[in-house]
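Let's take a walk through a protein model together.

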Amino acid sequence: MKKSHIVDFSVGAFFILAIAAFFFLATVTGRTANSGSEGYELSARFEDVSGLANNSVVRLSGVIIGQVEDISVLHDTYSAMVRFRIDDPGLKIPDDSTIGVYTEGILGAKYLAIIPGFSEEYVKPGQEILRTKSAVVLENLFSKILLLIGTEK
Amino acid sequence: MFDFLINIFVGMGRFIRFIMSIMSSVVSPYLWVWQTVVQINMIGVGSLFLICIASIFIGLVFTFQMYMILNKFSGLSQLSSVVAFGIFRELSPVVTGLLIAGRVGSTVAAELSQLRQSEQVDSLLMWGISPYAYLMLPRFLAGIVCLPVLVLVFDAISIYSSWAYAVLLKGMENQIFWNPLLDGNVFFEQDVLYGLYKSMFFGGLIISVALFQGFYVKRGVSGMAQSSTKAVVYASLGILAMDYLLSQLLY
């Protein structure tokens, strides 16, 4: 083999290896949910959203169906306003559904979970889900437990 | 003291002018394609073995440490995402950069200073060939192309060696290892690609520092030794400093 052939061969093999590694990593790792034009936006009001962040996922029956777009504080009631996007435009949420902030495991990230209701009416794009459940803050839970132990003595 | 400061500023100015002349030679009438391919062969393919071995051990040791720590907090289910996060974002671009700075930076600086000292660069100019287009640009492009490829290979191999440690040695469930990666904790578009963007900058930095040190070499054998030492030291420091800035910028 000529020397230039060897160079061509090894450079070619190098890039084929790169493409293989690229596809391997692409299949093994997760994807950011395709935000933007797809789907529709909803919002919800919470007393406490500690730990929730932009791009936190929204789950329904454990399946990822969207992500949080924006979190802000309302100026009048001081509650937290969360806007989030549902990726599938065909997925309709009953308007008596409950939405809550939950944690994946003990060290896991916070996510929004929708528990569907039974209403025949659906939430329209841009509307608000009214029934909400705030994040459980561990410190509050601990102080409640301590109070309980204190009273039993 | 004052001289020292002035020298730093002058060196920096020269370096920036140097990079600009390399980049401006992109629009020169002729790109030396074969030179570029030879440099890719030298920088990328030649470093492949080094990167493979390094990535195996980095994957193993990082998984070992994380396994011990997460075991204490009973958070082993997140093992692979923690490992992948650390490796994809930080370890693989930085370690690859440092290794390549050591292997390639010194070679390129020595090459250039040899060419410069034996006045072959001047003879190129006599022929009407720009040394920037013929010597510098192929190496520079090869550096920018090769580093991301090496980082991809590093990522893939180190996640496999991490798998080998956790699943084969420690008897973790196969699914529990792979699930956190797929389950939306590690993102391809963010974590893997950020590492690649970083490494492109590192590749450009390593090669341009080495070329600069080689091009402005002092007379004599000690000048050559100095230039290759400086190329490695400055490129390594530059990588670490740049890594912080890029991490802040890209997160």
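How many Å apart do the C-alpha centres of domain 1 of chain A and domain 2 of chain A lie? They lie 44 Å apart. Domain 1 covers residues 1-30 and domain 2 covers 40-142, with bounds that come from an automatic or database domain assignment.

A quick word on ground rules. This is a predicted model, where local features need pLDDT of at least 70 and side-chain atom pairs count only at pLDDT 80 or more, while totals for chains, interfaces and linings use all residues. Residues are numbered from 1 along each chain as its sequence is written, chains are lettered from A and ligands numbered from 1 in the order in which they are written, and side-chain values use heavy atoms, leaving out hydrogens and water.

Now for the rings. Rings of Phe, Tyr and Trp (its six-membered ring) pair if their centres lie within 6.5 Å; planes under 30 degrees apart count as stacked, over 60 as edge-to-face and the rest as tilted. Searching the whole structure over all chains turns up 20 aromatic pairs. One of them joins F24(A) and Y160(B), stacked at 5.1 Å centre to centre with 20 degrees between the planes. This pair crosses between chains, going from helix α1 (residues 3-28) of chain A to helix α6 (residues 131-169) of chain B. Helices here are DSSP runs (H or I, at least four residues), numbered from the N terminus.

Y67(B) is in helix α3 (residues 48-72) and Y165(B) in helix α6, so the pair ties together parts that are 98 residues apart in sequence. Y67(B) counts as buried because its relative accessibility is 10%, and Y165(B) is buried too, at 9%.

Chain B also has a cluster linked by ring pairs: F15(B), F18(B), Y132(B), F212(B), F215(B) and Y216(B). R14(B) lies over the face of Y216(B), 4.8 Å from the ring centre. For a charge to sit over a ring, NZ of Lys or CZ of Arg must be within 6 Å of the ring centre and within 35 degrees of the ring normal. Over in chain A, R59(A) lies over the face of Y111(A), at 5.1 Å from the ring centre.

Conventions. Helices (H or I, at least four residues) and strands (E, at least two) are DSSP runs, numbered from the N terminus. Buried means under 20% relative accessible area, exposed over 50%, partly exposed in between (1.4 Å probe, protein chains only).
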